[in-house]
Amino acid sequence: MQIDWWTLGLQTVNALVLVWLLARFLFRPVANILSERRAEAEKTLDDAAAARKAAESEREKAKAEAAKTAAGRSAVLDAAQKEAEKQKTSLLAAARADADRLRDEAKAAIAGERRAEEKKMSARAGRLSVDIAKRLLERLPDEARIAGFIDGLAEGVAALPEAARAELGDGSGPMTLAAPRALQDAERDACKSALRKALGHDVDIKVAVDPDLIAGLELTGRHASVRNSFRADLEHLQAELTRHDDA
Amino acid sequence: MNGSPLVLEPVFFVGPVPITDPVIVTWVLMAVLALGCAILTRRLKLRPSRTQAALELFVTAIDGQLRDIVGGDTAPYRALIGTILVYVLVANWMSIVPGVEPPTAHIETDAALALIVFGATIWFGVRARGAGGYLKTFAEPSWVMIPLNLVEQITRTFSLIVRLFGNVMSGVFVVGIILSLAGLLVPIPLMALELLTGAVQAYIFAVLAAVFIGAAASEGG
């Protein structure tokens, strides 16, 4: 057996060259890609861990935010409830005040209407009483509507204060004597006579017819008047009644 | 085939240098392997194709084996051990190509590989703990062991050579003898057995190389 030293040497060189070639074209690229993948995987894992950490942090933040929002919501609800209660109370008070005011106004209106109605009723009653009185007096003799009131007129004049009596028929003009109908001469004279007696001097009178008097006489001077008629009595009576009702 | 089949006949000469069959076959293998690897690793991506996954599996398996044997960082040894494995495997399997003798069936190729392993053992040992430190390992566990350790360095290298050479050469011879005696199809089971033997021998050669290098390097560690 022989050894070919040239072949041995060449094969040694060939093997070394092949080591270099495979290192260059096989082992190094594959090892590089493996380490690259490992680095990429580690980076991916690190990124995932960081992302998970960030996500957990975000979740915690969101949880805290939600709790804060819930607390704020609760506070807002409480405040809104309090405000609603306050407004409710205020509205109730305002409504109560309005109701009281409306009730008072209604009461006042009702009272006013009642007073107006009563006045109307009183006026109507007055008118009715005047009518009744007229009707009743129409049954009496016509003379009685004058004669029965002459003395009363004279008493009224006599009851006037002195200054007022002096003023009546002081000659500055005729006094007006209102009667429900035209006076007869005898009645005129009786009136004049009674007035002279009451005043102490002659008087000049002008007779005026006023059927509203119903019965009686009314003497009117410049500054004073004496009323002795049914109309005056009825008006006085009505005024008294009204005042009594108002009281 | 004239004369001893163990004697290499030059195919041609380059100057004074005779170029024999094993050298030519090795050159072809080198070209094919380098070209194939260059093509396969041309477009490596982070999302691997099937081919890339197979390549990565192969390299990862070598790394795993080296890690078990040598320990620590396997990158310095990967190319040498991996190349020995690939080359011996492919060279052994050349026996199934008609008209081609495996380069490893000639002792020159096996001796070249064993020499490289021998040199690598010294290189990695010296690199790991320095020349003095490496030389001191021959005196372990006692200076009495120095001759034995020296002899061991030689004998284990020879054992690498002879083991690979004997197995591959014998296989080639057996197949050749059977083929000459029995005809066309009879050697096929033996050829299949040769494939298995070739794979096993490639693995053994690579692992033993790793063990020798790892032993030298780890002694320094």
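**Close-up views of chains A and B**

**View 1. Salt bridge between B:Glu56 and A:Arg37.** In this predicted model, the side chains of B:Glu56 and A:Arg37 form a salt bridge, with an N to O distance of 2.6 Å. The rule finds one salt bridge across the interface of chain A and chain B. On the side of chain A that touches chain B, the residues comprise 21 nonpolar, five polar and four charged.

**View 2. The interface of chain A and chain B.** Contacts link 30 residues of chain A with 46 residues of chain B. The two chains bury about 3300 Å² between them. Carbon and sulfur atoms account for 80% of that buried area. Ten residue pairs are found in polar contact across this interface, counting pairs with both residues at pLDDT 80 or more.

**View 3. A:Cys191 in helix 4 of chain A.** Helix 4 spans residues 185-199 of chain A and contains A:Cys191. A:Cys191 has a relative accessible area of 1%. This residue is therefore classed as buried, the cut-off being under 20%.

**View 4. Surroundings of A:Cys191.** Leaving aside residues up to four places away in sequence, A:Cys191 touches A:Ile150, A:Leu177, A:Leu183 and A:Leu217. A:Val157 is 34 residues from A:Cys191 in sequence. The C-alpha to C-alpha distance between A:Val157 and A:Cys191 is 12 Å.

Notes. Residues are numbered from 1 along each chain as its sequence is written. Chains are lettered from A and ligands numbered from 1 in the order in which they are written. This is a predicted model: local features need pLDDT of at least 70, side-chain atom pairs count only at pLDDT 80 or more; totals for chains, interfaces and linings use all residues. Side-chain values use heavy atoms; hydrogens and water are left out. Helices (H or I, at least four residues) and strands (E, at least two) are DSSP runs, numbered from the N terminus. Buried means under 20% relative accessible area, exposed over 50%, partly exposed in between (1.4 Å probe, protein chains only). Contact means heavy atoms within 4.5 Å. Buried area is the accessible area (1.4 Å probe) that two parts lose on being put together, summed over both. A salt bridge is a side-chain nitrogen of Lys or Arg within 4 Å of a carboxyl oxygen of Asp or Glu. A polar contact is a pair of N or O atoms within 3.5 Å; within protein, one must be able to donate a hydrogen and the other to accept it, and residues adjacent in sequence count only if both atoms are side-chain atoms. Ala, Val, Leu, Ile, Met, Phe, Trp, Tyr, Cys and Pro count as nonpolar, Asp, Glu, Lys and Arg as charged, and the others, Gly among them, as polar.
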